[in-house]
Amino acid sequence: MRKTAPRLRLAGALAAALMLGGIATGPTAQADERHGKEPTLADLAQRHGRYFGSATDNPELVDEPYKALLGSEFDQITPGNGMKWYATEPQQGVFDFSQGDEIVNLARANRQKVRGHTLVWHSQLPGWLTEREWTARELRAVLKKHVQAEVRHYRGKVFAWDVVNEAFNEDGTYRESVFYKTLGPGYIADALRWAHQADPRVKLYLNDYNIEAIGPKSDAYYKLAKELKAKGVPLHGIGLQAHLALQYGYPTTLEDNLRRFSRLGLDTSLTEVDIRMQLPATEEKLAQQAEWYRDLTEACLAVRRCVGITLWDYTDKYSWIPAFFPGEGAALPWDEQLARKPAYFALREALGGR
């Protein structure tokens, strides 16, 4: 990963944060400048053949200033909750895609693409699924029906799916979800095959947190991905969530990790990016956060098969962090008033803007 002297980088981000925004270089940027238009993060990412997106959630879409920025700054959207199992199959065999549809329709109106999130996860499951015992035969049928019904519904409307989310523990052992305990580890390959049958063109991902650095958890995904590829299972990418925290240190082996998955013939994406800190936020913490946003963006740009970056919502106003990590927050490039923070300008610089 290309490194710049931290003091110079800090000065650049803070100086940019004091301005209304920088203008990127190059012919397109010069045209934008002549017309008084600043290239967006998505514009800058597209010059590298990448997308730059944000998650969003249905309750937020009544916020018109938020919605306008969501529709203009990004070229990709991930539904934060509206495609999860509890929302899409609240009763067994009764499907409701209305929340996901709302976000897909918004994205299409804004000419944005959509990542589907998520088909199989141990969390946010409906009560009918978790409050009874299943035989392997019963649960296998339930899982297949759910995966294929949802993938068919969104066929041609999403470009990628997080098929299985958070399948491993921190030590690289399988998470003992209802699916693993009842069906064994083969449920992952089955879910990928069923999704591929329902939409042969969509990209299929495994997705998890704390797999940015090389270590036991990311090693488990590497081993599994290698095995799945050897068996001809349709797996196309690994999603690295990148929920980072200043107090735990930056994953310095991120770029190497992205490269090793690429060598397996897999795409990678940074799928749920935020960088939280212990509150209160200070100028020093915000500068360190900006440097991390720059570093992870540069790592993705350095690896050809890292295809894009998605913020886990773009503003502190709708961040999930304070509710789950009391005393922490300020994790995103826009603050609660939708003002751009040093992290935003660091992202611009990493993508080739100023």
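Residues are numbered from 1 along each chain as its sequence is written, and side-chain values use heavy atoms, with hydrogens and water left out. Because the model is predicted, local features need pLDDT of at least 70 and side-chain atom pairs count only at pLDDT 80 or more, whereas totals for chains, interfaces and linings use all residues.

**Strands**

Helices (H or I, at least four residues) and strands (E, at least two) are DSSP runs, numbered from the N terminus. Strand E3 (residues 113–121) is largely enclosed by the rest of the structure, because 8 of its 9 residues are buried; buried means under 20% relative accessible area, exposed over 50%, and partly exposed in between (1.4 Å probe, protein chains only). The pairings of E3 are tabulated below.

**Helix packing**

Helix H8 (residues 136–153) packs with helix H10 (residues 186–198) at an angle of about 35°, their axes being 8 Å apart. Axes are lines fitted to C-alpha atoms, for helices over the stretch in contact, and angles run from 0 to 180 degrees between N-to-C directions. Residues of H8 including Leu 143, Val 147 and Val 151 meet residues of H10, among them Tyr 187, Ala 191 and Trp 194, where contact means heavy atoms within 4.5 Å.

**A buried loop residue**

Gln 241 lies in the loop between strand E6 (237–240) and strand E7 (243–245). With 1% relative accessibility, Gln 241 counts as buried. Leaving aside residues up to four places away in sequence, Gln 241 touches Asn 165, Glu 166, Asn 207, Asp 208, Tyr 209, Glu 212, Thr 271, Glu 272 and Val 273.

**Aromatic rings**

Rings of Phe, Tyr and Trp (its six-membered ring) pair if their centres lie within 6.5 Å; planes under 30 degrees apart count as stacked, over 60 as edge-to-face and the rest as tilted. By this rule there are 23 aromatic pairs. Phe 95 and Phe 97 form a stacked pair, because their ring centres are 5.8 Å apart and their planes lie at 15°. Phe 95 is partly exposed at 24% relative accessibility, whereas Phe 97 is buried, with a relative accessible area of 12%. One aromatic cluster is formed by Phe 52, Tyr 66, Phe 74, Tyr 314, Tyr 318, Trp 334, Tyr 344 and Phe 345.
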